[in-house]
Amino acid sequence: MRLYELFEETENTGLSDREVSGITDNSNNVKEGYVFVCVKGATFDGHTKAAEALSKGAAAVVTERDLGLSDQIITADTRKCYGKLCAKWFDHPERKMKFIGVTGTNGKTTMTNIIKKILMAGGHKVGLIGTIQNEIGDTVVQTKNTTPMAYEYMELLCRMAEEGCDTVVMEVSSFGLVQHRIGPTRFDISVFTNLTQDHLDYHKTMEEYYQAKKMLFDISDVSICNIDDEYGKRLFSELSTEKYSFSRKQSADFSADNAELYSDGTAFVFSYSGKTYPVRMRMTGTFNIENMTAAMAALVRFGVSPETMLQTIADYPGVKGRCEIIPTGRDFSVICDYAHTPDAVENILTSVKEYCHGRLICLLGCGGNRDRDKRPKMAKAAASYADLTIVTSDNPRNEDPELIIKDILAGFEGTNAEHIAVTDRREAIYKALSLAEKNDIIVLVGKGHEDYQVLKDNVHVHFDEREVVAEGLKLL
C-alpha cells in the first residue's frame, strides 16, 4: 500500500509518496518501509523510539508533537489515528459486517454468547469477540484482551469477513473505547448492561468510567439500556438517537415479568409492544433474567422474532465460568463464577441463596495490582449473604497475597459474619470441600473461566478450579 493511500482518510502527510510495507505501534516490530505510530502508555512513551524507528528504515513516524524529524506526521491523537490506519490497512473489514456491541460491568459475556447462539441457529455466520475467547463461526480463536488491540482487532475482523461472517457480536470494554482499539467501527445495535465499581485503578472515578462506556453509544445506530441500573437510566435519558429500555422491575420497552427461579434454571415472561412470550432457560439467577431480556431485546431490534429464539434459549447451557456447576457426585454442590466486583458478588450470592437449602459457603479472593478500594466492598457483599466466607488469593500478580487478604478482611469489621482466611487458593478450595455438608452450596468467585493464576512478574501457572475440585474430592 502507498503512503498517500494509507493516510487518505486521516492526515495530510506532507511527505513524498512511497510504498509502505507495514504499520505498527510497537517499536520492536518496526521493519524497512513500516509506518511507526508513537503511542504514549502508562509506563512507556513511543515517541522516545521515533528516531530509532526511522534509523531502522521506517517510511514515517506518526507523532503527537514536533520531534524535529524529517519523516514525521503530526496528529492530535496517535491512538485514534492508529485505529483508523489499521482499518485502512485491512481494507475496512468493519464496513463488511453488521455489529452488535455489549458494554457494562457485568453480564457482557453471557449476553454476547447467547446472542451469537441464537443468530447461528437462525442461519447467520457470526464472529464473537469477548473475554473468554474469540470465535469465527464454530472456530475458536484465543484472546488476551476483552477488546483486542487495534491491529489485532482489525486483523481478526478481516479474517471474519473473509470466512463469511455477516455479523459480529462483541463485548466492548472501556479500555477498548478510550484507547480507540476499535478504530472507526460503527455498531448497528449496542446494549448497556450496568455499571458498578471496577477498573478504578485505570479510570480513577466512576464518572470517568461511565463516560468511557458512554462512548459506545455515540457510534451506535440503536441503543438498548438497562433502566433498573442507575447509570443505565441516566444513559437512556442522555441519548438522543434511537433508543429502547429494558427492565425486570418497572415498565419499559422490553420487560421480564413473573420470574420463577429453580436450582436447575429460570422461567419468566418476556414482553414488548403488548406481546408476551414465556421463556424457560437452564441458567439460574435474577441477573441472568436481565441478561436474557437484554439479549432478546437486541435480537428483536436486529430483526429476529422471539418465537424463533425460545427453543435455542431453552437448550442453552450457559457460559463457562458464569454460575457454572462443577459436578461433585456428593450431597453438596459447587459453583464457580467470574464475579470480581462487589455488585457481581452480591448478584451471584443472592441468586444462589434463593435455592440453597443448606449453608452458602463463599470462597473469595481479589486480584493484585487492581482497584484496592473494591476489596472490602466485595467482603461486605459476601458477609451479607454467605453463611461462611473463606478469604483467599485470586491473581496476586506483584502484590503480596497476605496484604491483599488484609484489605479484604477489613470488610468484615463490624459484622458477625463467619469467615476464615486460607492464603493458598488450592488449599482454600480443599478446606471448603472438607467443611461442606448435605445441601450446602460452595460458590467459588473470581476465577470463572480462567484456567491459570497470575503471579509475580506476570508468571502464569496452570490453575483450573474444575480440576482442583476434583482433586479435593479425592482427598475427602
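**A walk through a predicted model**

Asp457 lies in the loop between strands S22 and S23; helices (H or I, at least four residues) and strands (E, at least two) are DSSP runs, numbered from the N terminus. The structure is a predicted model, in which local features need pLDDT of at least 70, side-chain atom pairs count only at pLDDT 80 or more, and totals for chains, interfaces and linings use all residues. Residues are numbered from 1 along each chain as its sequence is written, and side-chain values use heavy atoms, with hydrogens and water left out.

With a relative accessibility of 59%, Asp457 counts as exposed. Asp457 and Glu399 are 58 residues apart in sequence, and their C-alpha atoms are 10.0 Å apart in space. The loop between S22 (452-454) and S23 (460-462) also holds Asn458. Asn458 has a positive phi of about 60° although it is not a glycine, and at 54% relative accessibility it counts as exposed.

A positive phi is found at another residue as well. Cys323, which is not a glycine, has a positive phi of about 50°. Cys323 is placed in the loop between helix H11 (306-315) and strand S16. Is Cys323 buried or exposed? At 13% relative accessibility, Cys323 counts as buried.

Ser255, in strand S13 (residues 254-262), is buried too, with a relative accessible area of 8%. Which residues does Ser255 touch, not counting those up to four places away in sequence? They are Ser247, Gln250, Val269, Phe270, Ser271 and Thr293, where contact means heavy atoms within 4.5 Å.

The discussion now turns to helix H16. The buried residues of H16 (residues 465-475) are Glu465, Arg466, Val468, Val469, Gly472 and Leu473. These residues cover an arc of only 160° around the axis, which puts them on the same side of H16; the arc is that of the directions from the helix axis to the C-beta atoms. On the other side of H16, Lys474 and Leu475 are exposed. The buried residues of H16 pack against strand S16 (324-326), strand S17 (333-337), helix H15 (425-435) and strand S21 (441-445).

Helix H15 contains Arg426, which counts as partly exposed at 27% relative accessibility. Leaving aside neighbours within four places in sequence, Arg426 is in contact with His462, Phe463, Val468 and Glu471. Arg426 and Pro148 are 278 residues apart in sequence and 31 Å apart in space, C-alpha to C-alpha.

The whole protein can now be considered. Its secondary structure comes to 16 helices and 23 strands. The radius of gyration is 24 Å, close to the 23 Å that the globule rule gives for 476 residues, so the protein is as compact as a globular protein of that length. This radius is taken over C-alpha atoms, and the globule rule is 2.2 Å times the number of residues to the power 0.38. Along the principal axes, the C-alpha atoms fill a box of roughly 75 × 55 × 40 Å. Buried residues make up 56% of the 476 residues. Among contacts between residues at least 6 apart in sequence, 63% join residues at least 24 apart.

Methods. Buried < 20%, exposed > 50% of the residue type's maximum accessible area, 1.4 Å probe, protein only.
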